[in-house]
Amino acid sequence: MSTLHTVNKSPFQNQTLISCLGHTKAGDSVLLIEDGVYGAMSGNAMSEVVASMGANVKLFVLGPDVAARGIDAARVAEGFTQVDYEGFVDMAASCDRVQNWL
Amino acid sequence: MSKVKKFLYVNRKAPYGTIYAQEALEVVLIGAAFDQDVSLAFLDDGVFQLTKGQDTKEAGLKNFSPTFRALGDYEVTKLYVEQESLDERGLTLDDLQDIQYEDEDDDYAEKPSIIVVSRAGMADVMADQDVVLSF
């Protein structure tokens, strides 16, 4: 029984990512998409809190949205796994439910 | 007859700044026609949707807050409100509308629809659903 959570807002814009991470269950997956991918970057004011709040979940980031924003792969924080669109579909199909955090 | 599914409508936005809150309520009312097990969740700024005393006359907006009190007639009787979200905003249950439903299994006794839960409790509610729709 697990949930795939998606977040599409930058953590510098609002609290959506923080709220999402505060409502996950151990073993859930969190996938950052669209402007949400800024939450997967290392070396910024949000990195530590994302890493600590996300310690009990699996963290993913959508590669095409990372590339679109010119974020170098080296700037994606450790602990995040990049997936492509096919991977996104597979995750959605294999979890019990998808919760989109808007 | 297909299996009744558990639907949760998640409300995280304040009522008038964007259309999300009003649209969510519209969807809930439409969805209520399908005889599913419906719950609503209010967290983050979503708790502002339930405050009493909303008066939109001068702002020229439609005050949809009374509609929450009609949800019981559509068998939507579970409104989960997150305690931490209330606390962060300096709100208590007294600041929210008194929303009740008539329990047809208990001689139509009036019972409160609002269920205050902790953040961890809200996570449990979310994890217990078949379908989660966010607004």
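Guide: What follows is a set of questions about labels, each answered from a value and a definition.

Guide: This is a predicted model, in which local features need pLDDT of at least 70, side-chain atom pairs count only at pLDDT 80 or more, and totals for chains, interfaces and linings use all residues. Residues are numbered from 1 along each chain as its sequence is written, chains are lettered from A and ligands numbered from 1 in the order in which they are written, and side-chain values use heavy atoms, with hydrogens and water left out.

Visitor: Why is B:Ala21 called buried?

Guide: Buried means under 20% relative accessible area, exposed means over 50%, and partly exposed is in between (1.4 Å probe, protein chains only). B:Ala21 has a relative accessible area of 2%, so B:Ala21 is buried. B:Ala21 is placed in helix α1 of chain B; helices (H or I, at least four residues) and strands (E, at least two) are DSSP runs, numbered from the N terminus.

Visitor: What does B:Ala21 touch, not counting residues up to four places away in sequence?

Guide: Contact means heavy atoms within 4.5 Å. On that basis B:Ala21 touches B:Lys13, B:Ala14, B:Pro15, B:Gln49 and B:Phe64. As for distance, B:Gln36 is 15 residues from B:Ala21 in sequence and 21 Å away in space, C-alpha to C-alpha.

Visitor: Which residues of α1(B) are buried, and what makes them line one face of the helix?

Guide: B:Ala21, B:Ala24, B:Leu25, B:Val28 and B:Gly31 are the buried residues of α1(B). Seen down the helix axis, they fall within an arc of 130 degrees, so they line one face. The arc is that of the directions from the helix axis to the C-beta atoms. These buried residues pack against β1 (6-11) and β2 (37-42) of chain B.

Visitor: Is A:Leu17 buried or exposed?

Guide: A:Leu17 has a relative accessible area of 2%, so A:Leu17 is buried. A:Leu17 is in helix α1 (residues 16-21) of chain A. Residues up to four places away in sequence aside, A:Leu17 touches A:Val7, A:Pro11, A:Leu32, A:Gly39 and A:Val50.

Visitor: And B:Ser134, buried or exposed?

Guide: With a relative accessible area of 16%, B:Ser134 is buried. B:Ser134 is in strand β7 of chain B. Leaving aside neighbours within four places in sequence, B:Ser134 is in contact with A:Gln99, A:Asn100, A:Leu102 and B:Val10.

Visitor: Why does A:Ala55 count as exposed?

Guide: The relative accessibility of A:Ala55 is 56%, so A:Ala55 counts as exposed. A:Ala55 is found in the loop between α2 (47-53) and β3 (58-62) of chain A. A:Gly27 is 28 residues from A:Ala55 in sequence and 9.8 Å from A:Ala55 in space, C-alpha to C-alpha.

Visitor: What is the phi of B:Glu75?

Guide: Phi of B:Glu75 is positive, about 60 degrees, although B:Glu75 is not a glycine. Most residues other than glycine have a negative phi. B:Glu75 is in the loop between β2 and β3 (79-82) of chain B, and at 57% relative accessibility B:Glu75 counts as exposed. B:Asp107 also has a positive phi, near 55 degrees. B:Asp107 lies in the loop between β4 and β5 (109-112) of chain B and is exposed, with a relative accessible area of 72%.

Visitor: How much space lies in the largest pocket?

Guide: About 490 Å³ of space lies in the largest pocket. Of the 21 residues that line the largest pocket, the closest to its centre are B:Gly72, B:Glu75, B:Thr77, B:Tyr101 and B:Glu102. On a 1 Å grid over the protein atoms alone, a pocket is an open set of points where a 1.4 Å probe fits, with protein on both sides within 12 Å along at least five of seven lines, and lining residues have an atom within 4 Å of a point. Grid points are joined across faces, edges and corners, and a volume is the space filled by probe spheres set on the points.
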